[in-house]
Amino acid sequence: MAQFELAELSAPHPAGVAVGDEVQRLQASFTRLAQRLRQQLAELERTDRLRRELVASVSHDLRTPLTHLQGYLETLQLKDDSLQPAERAGYLRIAVDYCDRLARLIDDLFELAKLEALRAPIKTERFSVVELARDVVDKFQLTAQQRGIHLSVADGPRSCDVEANPGLIERTLENLIANALQHTESGGLIDVVPQRRSQAVHIEVRGTGRGITEADQKHVFDRFFRTSGDRKSDSGTGLGLAIAKRAVELHQGSISVRSVPGQGSVFGFGVAAR
């Protein structure tokens, strides 16, 4: 205990074994206490670092559309009398687009914050993943058709029921399909493929997009991360895949990506089967 008082908290301490006399048992208990303290401090430091990164990222992502929005509105205010109707309509359309982007960003931030703060067990029910996937795909069919992309659900096995939260699984599929549509060119294919694997149902979203580099694959589920191909555009909020990852984690599952640049990507996740 005297060594602990004089040393830094992060300094290692000899492991004690809870046998022998009361002094040895005290040493073992105190060593375990020190280990838990170090773990808790490490978690606090990680949380604080993530908080600072989040604040910096949010500030940047909010500042950019706000600056553009302010610029176009000031232009309308200063030059309203001299602008042609077509110019005025164009400025207003761009301003509305930036408002929509801000709204999406704020909605995604609230949703991710809510999911990350959730610690209680989620409410689950039994349902068919295949039926849910078909419903989600139907929502995106018009967008896919307008972009010239073939979007479909592969026939799954007969027993493809899961015990999960349908709202969270639906949002996960929505985000993965939206991400695939964003990165797939006209004439491409996107398939949603449910599979039965032992005691779990695995769902994959396969797209023939431009693919993701190996370096980007390591960070693709991080908040506000954009691949090298996305950084030049303002599309997306950079939160969709992070939300999907957290939704899957709440089911004690994991989400993954396989990709080859120029050949497309496969995003997959699994949930317990019933």
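Buried means under 20% relative accessible area, exposed over 50%, and partly exposed in between, with a 1.4 Å probe and protein chains only. The model is predicted: local features need pLDDT of at least 70, side-chain atom pairs count only at pLDDT 80 or more, and totals for chains, interfaces and linings use all residues. Residues are numbered from 1 along each chain as its sequence is written, and side-chain values use heavy atoms, without hydrogens and water.

**Aromatic pairs**

Rings of Phe, Tyr and Trp (its six-membered ring) pair if their centres lie within 6.5 Å; planes under 30 degrees apart are stacked, over 60 edge-to-face, the rest tilted. The count is two aromatic pairs.

| Pair | Centre distance | Plane angle | Class |
|---|---|---|---|
| Y72 and Y91 | 5.6 Å | 50° | tilted |
| F221 and F267 | 5.9 Å | 85° | edge-to-face |

Helices (H or I, at least four residues) and strands (E, at least two) are DSSP runs, numbered from the N terminus. Y72 lies in helix α2 (residues 22-79) and Y91 in helix α3 (residues 85-117), so their pair ties together parts 19 residues apart in sequence. Y72 is partly exposed at 25%. Y91 is partly exposed at 24%.

F221 lies in the loop between α6 (214-217) and α7 (240-249), and F267 in strand β7 (residues 264-272). This pair ties together parts 46 residues apart in sequence. F221 is buried at 12% relative accessibility; F267 is buried at 5%.

**Helix α5**

The expected span of a helix is 1.5 Å times one less than its number of residues. For the 17 residues of α5 (residues 166-182) that gives 24 Å, and the end C-alpha atoms are 24 Å apart, which agrees. Its buried residues include L168, I169, E174 and N175.
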